[in-house]
Amino acid sequence: MGNEADVMKTLKKREKNKKRRNILIVVLAIVGVLGIGIVNSVNKAKEAMDQMVATMQTGEVSTRSLIKSVGATGTITSIESKSITAAISGVEVNDVLVEIGDTVTEGQELLYFDTADIAESLENAKKNLSNSTTRNNISEEDAARRVVDAERAYNNALDAVEKARAEYEEIADALYNFKKYFSNLDEISKKSKKAELESRLDAAEKILEQNENTLAMQESNLATVKNAQTTTKLSLDTTTQKNQVELYEDQLAEGIVKAPINGIVTAVNFDKGDSYMQGSPIITIQDCSSFEVAAYIGEYDISDIVKGQKVLIKTDATGDTELEGTVVFVSPTATTNLTGGDVTYLVRISVDTPNDRLRLDMSASLSIIIEQHENALTVPYNAVQEDEQGNTYVEVIEEDGTTTKVPVTVVLESNYYTEIQSDSLTEGQKVRVINADSNGLFDLLGGRGGF
């Protein structure tokens, strides 16, 4: 029994020691793992710092000509384009004298319409006008003659009235004088003479009254024939016939299509035998003696664009050759956009540098110069930083590799360089350039993991 107890005691002791060993092994394992993690974190931090130092970009303080510009793309266009139409309709094309690509001069004949029907209508209209003019001339001559006759009759009646009035006044004076100066005559002679004078006076008065009536009648007749003459002139107006002749003359002139400008034919929309309807574009000519670039600028930049600004132009056709241009038109209103997209404004730029490689509808890259400073003190664009208070600065790299923050004032920003003002910076100094793609030490350390 004693031996069995000793055996059991020994076995329990061994089991207890085994558990202790296992616990110790686990503890040691945990400590080992933690130790390795700490070492790895320290190594990772060191590697991150080394990587930041190794990959830190630098720039240089330099003096240069700095340009602030708005970039855009556009399309090469002609300085002038004319789409020719004709003021005739329902006529056939008789002959087309040009093809797309032909060079033409102003006034050159380009296309003929079949205007035989118009020519016939013109001749008929001219005959109608001639006949109407002849009839009108006869009617006007008759009316004028009637006026002359009426004026003659009126003047004759007026003369008769004046003579009758003179005779009446003469007899009246004789009767007055007789009554006044011949009172010494005997009564028989006095009565006889008085009766004679009174009879003659009555007769003269009747004649005067008749002549006055005749004059009034002739005056009325003269007014009537004059009104008739005016009516005749109005009724015989040939304006309608003249307008018809002018219409056909204009249409006949439209039968020959001529070039309105010098240029290149870029569209011919009708062939021989086609029927033409008024208003349809027949031929398009573009003046390619010089070019423009049409570009559409967004609402963010359009307020900076004004006429007269210089523009740098590049195209695939001209390679690295930089052409110069000038803003010649800025639309005051936005381009109509039915799809509801971005608001844009049309800007036209003259191409001031001639180049034989330019062609219509080529794409062009534009740099519209908004502002230009000469001898500007500049640093790379990403060298300028801003602190929490909004103050701008650059980090100058010292000879020992450390950096010093130097306050600066930003004067002008371009796509690649920034003009600055600073009393502490000189040309040639090295400055740190922040890599916009770098996420910094925090990301290199594994985000929120840390120690």
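**Figure 1. Glu80 is partly exposed in this predicted model.** The relative accessible area of Glu80 comes to 31%, so Glu80 counts as partly exposed. The side chains of Glu80 and Lys82 form a salt bridge, with N and O 3.9 Å apart. Here a salt bridge is a side-chain nitrogen of Lys or Arg within 4 Å of a carboxyl oxygen of Asp or Glu. In general, side chains of opposite charge can pair when their charged atoms come close. Local features in this predicted model need pLDDT of at least 70, and side-chain atom pairs count only at pLDDT 80 or more, while totals for chains, interfaces and linings use all residues. Residues are numbered from 1 along each chain as its sequence is written, and side-chain values use heavy atoms, with hydrogens and water left out.

**Figure 2. Glu212 and Arg165 link two helices through a salt bridge.** The N to O distance between these side chains is 2.7 Å. Glu212 sits in helix α3 (residues 187-235) and Arg165 in helix α2, so this pair joins distant parts of the chain that are 47 residues apart. Helices (H or I, at least four residues) and strands (E, at least two) are DSSP runs, numbered from the N terminus. How open are the two partners? Glu212 is partly exposed at 33% relative accessibility, and Arg165 is partly exposed at 31%.

**Figure 3. Glu60 and Lys430 meet in a salt bridge.** Their side chains come to 3.2 Å, N to O. Glu60 belongs to strand β1 (residues 57-60) and Lys430 to strand β19 (residues 430-433), so the pair ties together parts that are 370 residues apart in sequence. Both ends are partly exposed: Glu60 has a relative accessible area of 37%, and Lys430 has 40%. Across the whole structure, a search finds eight salt bridges.

**Figure 4. Leu122 is a buried residue of helix α2.** Helix α2 spans residues 116-181. With a relative accessibility of 5%, Leu122 counts as buried. Which residues does Leu122 touch, leaving aside neighbours within four places in sequence? Its contacts (heavy atoms within 4.5 Å) are Val245, Tyr248, Glu249 and Leu252. Look for Gln244 as well: Gln244 and Leu122 are 122 residues apart in sequence, yet 8.0 Å apart in space from C-alpha to C-alpha.

**Figure 5. Ser414 lies in a loop and is buried.** The loop with Ser414 runs between β17 (409-413) and β18 (417-421). Ser414 counts as buried because its relative accessibility is 12%. The side chain of Ser414 reaches the backbone oxygen of Tyr417 at 2.8 Å. This is a polar contact: a pair of N or O atoms within 3.5 Å, where, within protein, one must be able to donate a hydrogen and the other to accept it, and residues adjacent in sequence count only if both atoms are side-chain atoms. Not counting residues up to four places away in sequence, Ser414 touches Leu66, Ile67 and Tyr381.

Figure 6. Arg359 is partly exposed, with a relative accessible area of 47%. A polar atom of the Arg359 side chain lies 2.6 Å from the backbone oxygen of Asp356. Arg359 also touches Ile76 and Phe291, not counting residues up to four places away in sequence. What is the phi of Asp361? Asp361 has a positive phi of about 70 degrees although it is not a glycine. Asp361 is exposed, with a relative accessible area of 62%.

How values were computed. Buried < 20%, exposed > 50% of the residue type's maximum accessible area, 1.4 Å probe, protein only.
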